[in-house]
Amino acid sequence: MFLDIKDLELHPIDFQEEFQPGAIELGEELRQRTPLKASGRAELVEEHHGKHQVIQDIRLRGRLSAGLELQCARCLEPVPQEVKREFELLYRPLGADAGKDELSVTDAEAEIGYYQGEGLALEDVLREQILLALPLKVTCRADCKGLCPQCGKNLNQEQCSCSTEVEDPRWAALKDVRERLEH
Ligand SMILES: [Zn+2]
Ligand SMILES: [Zn+2]
């Protein structure tokens with residue numbers, strides 16, 4: 001859904017959208033399990049700079065929710081993750097801030113972004129909001145044992161034989177020393 005400045009000049013745009021998995025590219029490490037729902041309102045905010053310059057900002061308020069799946073940072077198994085987020089954003093024309101030390105921001109509470117050209121794709125906004133809402137790292141459970149570094153087996157599911165046989169080389173060296181001292 002494209003939020004066009006020309007439309008916003010006439011009236012605010014209310015949106016209520018549903019995006020099926022795959023409709024918005026979220027990257028390889030993220031899987032979308034349920035439709036992404038987003039609703040809210042986009043409106044134009046005009047900022048007057050001096051007598052002649054008018055800057056057209058897009059203010060976007062809304063909420064989104066989606067069921068996603070991340071990978072466990074240790075064992076790589078899928079970890080379900082519900083995302084719910086409310087957002088209030090202000091998009092300014094790219095370059096509008098150039099050469100200004102101080103922003104005359106209309107709404108100090110809002111997060112600031114930039115748009116280029118004729119407007120803003122809602123999909124781009126939602127992708128960014130989803131990525132911001134997610135933790136950088138998840139584990140499937142607090143005591144996830146991860147993968148065996150030798151054979152790659154998931155140690156939550158099975159014990160492999162190599163994990164006990166592999167010895168830290170530093171321990172082996174110490175053992176050598178001790179044996180020599182003892183004899
Ligand atoms: Zn795990
Ligand atoms: Zn192993």
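## Close-up views of a predicted model

**View 1. I112 is partly exposed in this predicted model.** The relative accessibility of I112 is 34%, and because a residue counts as buried only under 20% and as exposed only over 50%, this value falls in between. I112 belongs to strand β7, which covers residues 111-115. Together with L94 and Y114, I112 makes up a nonpolar surface patch. The accessible area of L94, I112 and Y114 together is about 280 Å².

**View 2. Four cysteines supply the protein donors of the zinc ion (ligand 1).** These are the SG atoms of C72, C75, C140 and C144, lying 2.3 to 2.4 Å from the zinc ion (ligand 1). The angles among the four donor atoms run from 105 to 114°, and the site is tetrahedral. For four tetrahedral donors, the ideal angle at a metal is 109.5 degrees. Along the chain, the donors of the zinc ion (ligand 1) have the spacing C-x2-C-x64-C-x3-C. C72 sits in the loop between β5 (53-71) and β6 (78-93), while C144 sits in the loop between α2 (122-133) and α3 (162-165), so this pair ties together parts 72 residues apart in sequence. C72 is buried, at a relative accessible area of 1%. C144 counts as buried as well, with 6% relative accessibility.

**View 3. The zinc ion (ligand 2) is coordinated by C148, C151, C160 and C162.** Each of these cysteines contributes its SG atom, at 2.0 to 2.3 Å. The site of the zinc ion (ligand 2) is tetrahedral, with angles of 105 to 115° among its four donor atoms. The donor spacing along the chain is C-x2-C-x8-C-x1-C. Within this set, C151 is in the loop between α2 and α3 and C162 is in helix α3, so the pair links parts that are eleven residues apart in sequence. C151 is partly exposed, with a relative accessible area of 39%, whereas C162 is buried, with a relative accessible area of 17%.

**View 4. Q81 is a buried residue of strand β6.** The relative accessibility of Q81 is 19%; it counts as buried because the limit is under 20%. Neighbours within four places in sequence are left aside in this view. Beyond them, Q81 is in contact with R33, A66, G67, L68 and L70, and also with L134, P135 and V138.

Note on methods. Residues are numbered from 1 along each chain as its sequence is written. Chains are lettered from A and ligands numbered from 1 in the order in which they are written. This is a predicted model: local features need pLDDT of at least 70, side-chain atom pairs count only at pLDDT 80 or more; totals for chains, interfaces and linings use all residues. Side-chain values use heavy atoms; hydrogens and water are left out. Patches are made of residues with over 30% relative accessible area and no salt bridge: like charges are joined within 9 Å, nonpolar side chains (Val, Leu, Ile, Met, Phe, Trp, Tyr) within 5 Å. Accessible areas come from the Shrake-Rupley method with a 1.4 Å probe; for residues, only the protein chains shown count as cover. A salt bridge is a side-chain nitrogen of Lys or Arg within 4 Å of a carboxyl oxygen of Asp or Glu. Helices (H or I, at least four residues) and strands (E, at least two) are DSSP runs, numbered from the N terminus. Buried means under 20% relative accessible area, exposed over 50%, partly exposed in between (1.4 Å probe, protein chains only). Donors are N, O and S atoms within 2.8 Å of the metal (3.2 Å for Na, K and Ca); water is not among the atoms, so sites may look incomplete. Four donors count as tetrahedral if all angles lie between 85 and 135 degrees; four count as square planar and six as octahedral if opposite donors are over 155 degrees apart and all others between 65 and 115; anything else is irregular. Contact means heavy atoms within 4.5 Å.
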